[in-house]
Amino acid sequence: MPDLPPPQDAAEAALFAECWDAVLSYADLCTAGAGTAHQLADEAFTLGMRELRAAQGAVRGRTARLPVIPQLLTAVRETAAGWESAGKGHKLDPDLRLWLNSEAAARYTGPPLGRPIALRGLRDMPEADATLLWLAEVESLPLPSVARRLGLDPLTTGAELDQVRVLFHDRCHRAHRDTPLDAECRSYARLLDAVTRSPGAETPEDLSRHLATCVPCAEAAACLRLHGGGIPAALAGGVIGWGALAYLERRRRAAEVRLGVGAPSGPGARADDEAARGRVLRGSLLAAAGLLSAVALGVSLMPFGTPDDTDASARDDQKPIAAPDTPHPDPTPAPSRSAAPATTRTVPVPASPLPTPTRSREPAPPPSPKPSATPSPTPSTRTTCRVAYHLDDEWSDGFQASLHITTDTPLSDWQLTWTFPDGQHIGQTWDATPHQDGARVTAEAKSYNREVAADGTIAFGFVGTRDGGNGAPRGFRLNGEPCANG
């Protein structure tokens with residue numbers, strides 16, 4: 001499948017950054033590894049955004065559609081089902097594979113009146129109201145953040161959310177009435193509506209027994225209950241199905257960490273914090289050990305002794321570290337000082353460095369050793385590629401960037417690596433497949449742009465998130481070779 005085109009404007013770029021994290025979070029639940037999760041998320045995001053663009057460009061009527069994030073999560077489930085049908089199910093979570101081949105999964109693609117009530121109720125709401133409900137209840141965003149994203153008044157967003165919950169109740173109640181039900185289920189419909197509207201109402205025993213055995217009525221009870229905190233689970237389960245509760249927990253933790261509204265509490269959270277501190281401590285110790293090793297190596301390679309110490313001089317000349325040291329002398333040194341090491345290297349025993357002018361001139365012609373020292377720095381600084389990094393757009397917690405890489409040599413495949421200086425994280429990417437480990441990012445070729453001719457150009461772009469600074473990446477390498485900026 002071809003990659004998703006770049007964002008059309010800053011608003012769509014911000015939308016990409018906002019939705020990609022949710023898509024990748026659910027894709028990670030559905031797959032067995034991080035690399036496969038990125039592949040599933042990339043395909044699903046492409047499918048979902050193309051469908052959304054097509055819907056926005058179509059003539060608008062009274063069409064029922066989900067908000068953006070639920071639509072993209074649905075695309076993840078549909079893409080996973082496509083993998084299972086195409087023989088790629090081994091890349092998916094085993095429990096998800098069982099669910100995809102069950103009657104529970106068939107409900108999401110079956111007759112409209114047989115689909116989950118929460119899905120039908122959310123789809124039947126105005127898109128703005130449905131988005132407010134999803135962001136607050138499922139994505140666990142604080143109301144001030146929701147208000148900022150939707151352009152609402154923070155002082156009235158809480159009251160609006162209460163009204164939207166009532167609207168969701170009404171839409172689900174209507175969907176439940178429209179569902180083909182047997183006589184027993186219909187006899188409980190009015191009682192179910194009354195019990196779920198009142199926060200203090202007790203569930204009669206006969207209704208409780210019925211809910212324990214009837215899936216459609218149990219789903220309706222979860223959607224219709226305005227109090228008790230059951231709406232998030234009802235929404236997530238009705239829209240994405242498998243893994244709904246795990247997705248809810250991930251989004252809650254992500255919102256707490258990203259927005260700084262609090263930290264997860266409890267023994268598990270403390271264990272996570274201690275593990276994180278342990279990783280930081282281990283990283284610091286490794287960094288210190290690496291620094292000490294580098295210092296020790298540098299000290300061991302430093303030339304000690306005087307120029308007359310021919311054994312030390314000869315050993316020093318044979319070390320690779322001598323090549324980078326050659327730029328330190330002045331390009332036009334005094335002949336007496338430069339000729340001595342040169343003759344020491346070519347003539348084992350410099351018997352008489354000063355006897356006659358003729359002898360002092362004979363070692364002078366060997367500037368032949370000098371060129372041998374000059375080419376060695378050249379390969380280390382010579383580059384066969386150039387990278388132009390351009391910051392296309394930037395906003396409070398994200399940005400959009402593009403890269404153009406020019407290679408002097410032909411390539412049959414390529415991989416570009418770099419390091420972010422300010423803790424940025426790469427998100428949705430087009431014309432490349434990204435992987436990130438800490439600050440280090442790797443962008444790999446797609447199947448259609450692997451081959452690059454000599455003096456050819458590679459171009460791709462991405463949307464990223466940031467928290468504070470947004471300095472340009474550094475340390476670009478193409479297939480392991482350093483690239484120049486430009």
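A: One aromatic cluster is formed by Phe-399, Trp-414, Trp-418, Phe-420, Phe-460, Phe-462 and Phe-476. Here, rings of Phe, Tyr and Trp (its six-membered ring) pair if their centres lie within 6.5 Å; planes under 30 degrees apart count as stacked, over 60 as edge-to-face and the rest as tilted. The model is predicted, so local features need pLDDT of at least 70 and side-chain atom pairs count only at pLDDT 80 or more, while totals for chains, interfaces and linings use all residues. Residues are numbered from 1 along each chain as its sequence is written, and side-chain values use heavy atoms, with hydrogens and water left out.

The structure holds 12 aromatic pairs. One of them, Phe-399 with Phe-420, is edge-to-face, at 6.4 Å centre to centre and 85° between the planes. This pair links distant parts of the chain, 21 residues apart: Phe-399 is in strand β2 (residues 398-407), and Phe-420 is in the loop between β3 (415-419) and β4. Strands (E, at least two residues) and helices (H or I, at least four) are DSSP runs, numbered from the N terminus. Phe-399 and Phe-420 are buried, meaning under 20% relative accessible area with a 1.4 Å probe and protein chains only; exposed is over 50%, and partly exposed lies in between.

Trp-418 and Phe-460 make a stacked pair, 6.3 Å centre to centre with 25° between the planes. Trp-418 belongs to strand β3 and Phe-460 to strand β7, 42 residues apart. Both of these residues, Trp-418 and Phe-460, are buried.

Now for the sheet. An open sheet of 5 strands has the order β4-β7-β2-β1-β10, with mixed pairing; two strands pair if DSSP finds at least two bridges between them. Its edge strands, β4 (425-430) and β10 (484-485), each pair on one side only. β4 and β7 (residues 456-465) run antiparallel and are joined by 4 bridges, and Trp-430 stands opposite Gly-461 in β7.

Leu-478 counts as buried because its relative accessibility is 6%. Leaving out residues up to four places away in sequence, Leu-478 touches Cys-385, Ile-405, Thr-407, Leu-411, Trp-414, Gln-415, Leu-416, Ile-458 and Cys-483, where contact means heavy atoms within 4.5 Å. Trp-414, a member of the aromatic cluster, is among those contacts of Leu-478. Leu-478 and Thr-442 are 36 residues apart in sequence and 9.9 Å apart in space, C-alpha to C-alpha.
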